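Please keep the sequence and the three-dimensional view at hand while reading.

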Amino acid sequence: VDTCDGTAWIGVVPFRMTGVRPRALPPVPWLSAFPELNVRTYVTTGGKPGVWFLSLDAANRLAVRMARMVFHLPYYDARMASECADGHVHYTSQRTHRGAPAAAFQGCYRPLGPVFHASPGTLDHWLTERYCLYAVDRHGRVWRGDIHHARWPLQPAEAEVSVNTMTHQIGLTLPDTPPLLHFARRQDVVG
């Protein structure tokens, strides 16, 4: 696990996937766009910093099955909604995956300021500019998936979170401190 100035970080990241598809194939509307929420921490393996997903909830049963099988990621089915109104994103997630630990999120968030790119050496950069993910298969082998994207177009943000039990599944209670919040309207990614 990576630390920044001696502190490990957990991210609870709600967003909406769009245009999801294998390379060289067109997106399929009912399969290519859905809400997703991940719980992550930050790791380095072999000198390459990346993201370790503790869980990923998605509102697409087929995407969940494929990601579990092909990428060895801890994806779970969830009933989710993500709607934009009055400059805010209203987001809900309730895990429905059979046999999985309960997890839920409900909140409203919005950007507060202009877009910026995190400067190297800052916490914002440390958290966001990672270009791979790691997973372990059922045989205990570590897998790395490289991710290609431009620098994150970040904005400061505010949020009102009314339910967040996403870390309870891993036995972690978040501290009663204000979270560090970022907003990105869009990020194109190729994996």
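The model is predicted.

**The paired strands**

Strand S4 covers residues 75-85, and strand S5 covers residues 88-95. S4 and S5 run antiparallel and are joined by 8 bridges. The two strands form a hairpin with 2 residues between them. In the turn, aspartate 86 has a positive phi of about 55°.

S5 also pairs with S6 in the antiparallel sense, over 6 bridges. Strand S6 consists of residues 104-111 and is mostly covered, since 6 of its 8 residues are buried. S6 in turn pairs with strand S10, residues 155-164, again in the antiparallel sense, over 7 bridges.

The table lists residues that stand opposite each other in these pairings.

| Residue | Opposite residue | Strand of the opposite residue |
|---|---|---|
| Arginine 79 | Glutamine 94 | S5 |
| Serine 93 | Phenylalanine 105 | S6 |
| Cysteine 108 | Glutamate 160 | S10 |

**The two faces of S5**

In a regular strand the side chains alternate between the two faces of the sheet. How do the side chains along S5 point? Val89, Tyr91, Ser93 and Arg95 point to one face and are buried.

**Arginine 95**

Is arginine 95 buried or exposed? Arginine 95 counts as buried because its relative accessibility is 7%, and the cut-off for a buried residue is under 20%. The side chain of arginine 95 makes a polar contact of 2.7 Å with the side chain of aspartate 57. A polar contact of 2.7 Å also joins the side chain of arginine 95 to that of glutamine 169. When neighbours within four places in sequence are left aside, the residues in contact with arginine 95 include Ser55, Tyr76, Asp77, Pro101 and Met166.

**Phenylalanine 183**

Phenylalanine 183 belongs to strand S11, residues 182-183. Phenylalanine 183 is buried because its relative accessible area is 7%. Apart from residues up to four places away in sequence, phenylalanine 183 touches Val89, Tyr109, Arg110, Pro111, Pro153, Leu154, Gln155 and Ala157. Phenylalanine 183 and methionine 166 are 17 residues apart along the chain, and their C-alpha atoms are separated by 19 Å.

**Partly exposed sites**

Valine 70 is found in helix H2, which spans residues 61-71. Its relative accessibility is 41%, so valine 70 counts as partly exposed. Together with Leu62, Met66, Met69 and Phe71, Val70 makes a nonpolar surface patch of about 500 Å².

Histidine 125 has its place in helix H3, residues 123-128. Histidine 125 counts as partly exposed because its relative accessibility is 23%. Leaving aside neighbours within four places in sequence, histidine 125 is in contact with Ala118, Ser119 and Pro120. Along the chain, histidine 125 and histidine 149 are 24 residues apart, and 14 Å separates their C-alpha atoms.

Conventions
Residues numbered from 1 in each chain as written. Predicted model: local features only at pLDDT ≥ 70, side-chain atom pairs only at ≥ 80, totals over all residues. Heavy atoms only, no water. Helix = DSSP H or I, 4+ residues; strand = E, 2+ residues; numbered from the N terminus. Buried < 20%, exposed > 50% of the residue type's maximum accessible area, 1.4 Å probe, protein only. Polar contact = N/O pair within 3.5 Å; in protein donor to acceptor, adjacent residues only side chain to side chain. Contact = heavy atoms within 4.5 Å. Pairing = 2+ DSSP bridges. Patch = residues over 30% accessible without salt bridge, like charges linked within 9 Å, V, L, I, M, F, W, Y side chains within 5 Å. Areas by Shrake-Rupley, 256 points an atom, 1.4 Å probe, with all protein chains shown as cover. Salt bridge = Lys/Arg side-chain N within 4 Å of Asp/Glu carboxyl O.
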